[in-house]
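Dear colleague,

Please find below the structure that I am handing over to you. My findings follow directly after it.

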Amino acid sequence: MTAQQKLNMKIAEQKHICVGLDTDYAKLPESVKGEKYPQFEFNKRIIDSTYKEAACYKVNLAFYEARGIAGLEELEKTMEYMPDDMFVIGDAKRGDIGNTSRMYAESLFDHFRFDASTLHPYMGIDSLDPFFKYEDKIHFVLVLTSNPGSADFEKLVLNDGTMLFEKVLAKLHEWNSSKNIGLVFGATNPEELKENMVKIGDLPVLLPGIGAQKGNLEEILGLFSDISKTNFIINVSRGIIFSGLDDDFGKSAEIALNSYNKKISEGFYNK
């Protein structure tokens with residue numbers, strides 16, 4: 001299955017929550033830390049408890065790279081364990097000169113076999129093209145991020161009166177000849193999201209910022225519901241995987257995910 005087919009299948013099943021595997025070793029239960037592969041064992045139990053109701057997973061590479069070779073082995077084992085029909089995002093926020101980007105793309109797609117990437121557009125189209133050439137993948141480009149520092153550059157007002165992030169959004173449509181580009185828009189920016197819903201069009205949207213970053217799920221659902229748009233996924237990381245830290249953390253993650261799914265069902269599909 002292509003990445004697009006995997007994602008479309010999950011959305012057709014009315015699944016929109018992306019479980020973020022930001023598996024911070026320092027936060028793992030002590031019982032898991034004693035395992036030979038602690039991050040993998042934690043991820044395995046999270047996946048076992050959530051894969052039937054999750055839209056996808058987002059694996060943040062930083063939490064594995066920080067542990068060197070051991071962490072990369074844990075990442076490999078996690079990817080090998082993923083169900084074949086599951087859509088998995090490699091969250092590395094890449095974007096460099098073309099030759100370097102080609103190596104990053106080969107790592108994400110040819111080695112680890114992710115279905116999607118996250119990319120930053122600061123260096124322009126030649127830094128992203130090596131990713132876009134993987135036409136059967138989806139590439140989520142940062143437009144307006146969920147962190148407070150996003151205002152430093154992303155909200156700068158240009159000479160034509162638009163903000164920098166709006167210029168990036170317009171470029172994504174220009175670059176999307178292979179229909180494999182999506183965007184990242186922080187759920188902590190509801191006003192800007194509302195103002196740009198029409199400009200987003202049919203691009204798939206990855207929305208971080210719900211949960212620990214205090215984005216409002218109901219408000220975001222209302223914005224998408226207004227135009228009957230379903231091509232969105234909402235990432236929740238810490239709010240799901242670290243919702244319980246005892247030995248039954250997998251069950252806690254399942255309960256947290258089901259709670260989010262219930263809110264989406266009631267607030268979006270059954271209004």
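Glutamine 4 lies in helix H1 (residues 3-12); helices are DSSP runs of H or I with at least four residues, strands are runs of E with at least two, and both are numbered from the N terminus. This is a predicted model, in which local features need pLDDT of at least 70, side-chain atom pairs count only at pLDDT 80 or more, and totals for chains, interfaces and linings use all residues. Residues are numbered from 1 along each chain as its sequence is written, and side-chain values use heavy atoms, with hydrogens and water left out.

Glutamine 4 has a relative accessible area of 18% and is therefore buried (buried means under 20% relative accessible area, exposed over 50%, partly exposed in between, with a 1.4 Å probe and protein chains only). Not counting residues up to four places away in sequence, glutamine 4 touches Glu135, Asp136, Lys137, Ile138, Lys179 and Asn180, where contact means heavy atoms within 4.5 Å.

Helix H8 covers residues 164-175. Its buried residues are Phe165, Glu166, Val168, Leu169, Leu172 and Trp175. They pack against helix H7 (129-132), strand E5 (138-144), strand E6 (181-185), helix H9 (190-195) and helix H10 (197-200).

Finally, Pro38, Gln39, Phe40, Asn43, Lys44, Ile47 and Asp48 in H3 meet Gly71, Glu74, Lys77, Thr78 and Tyr81 in H5. The residues of this contact between H3 and H5 divide into four nonpolar, four polar and four charged (Ala, Val, Leu, Ile, Met, Phe, Trp, Tyr, Cys and Pro count as nonpolar, Asp, Glu, Lys and Arg as charged, and the others, Gly among them, as polar).

Yours sincerely

Methods. Expected span 1.5 Å × (residues − 1).
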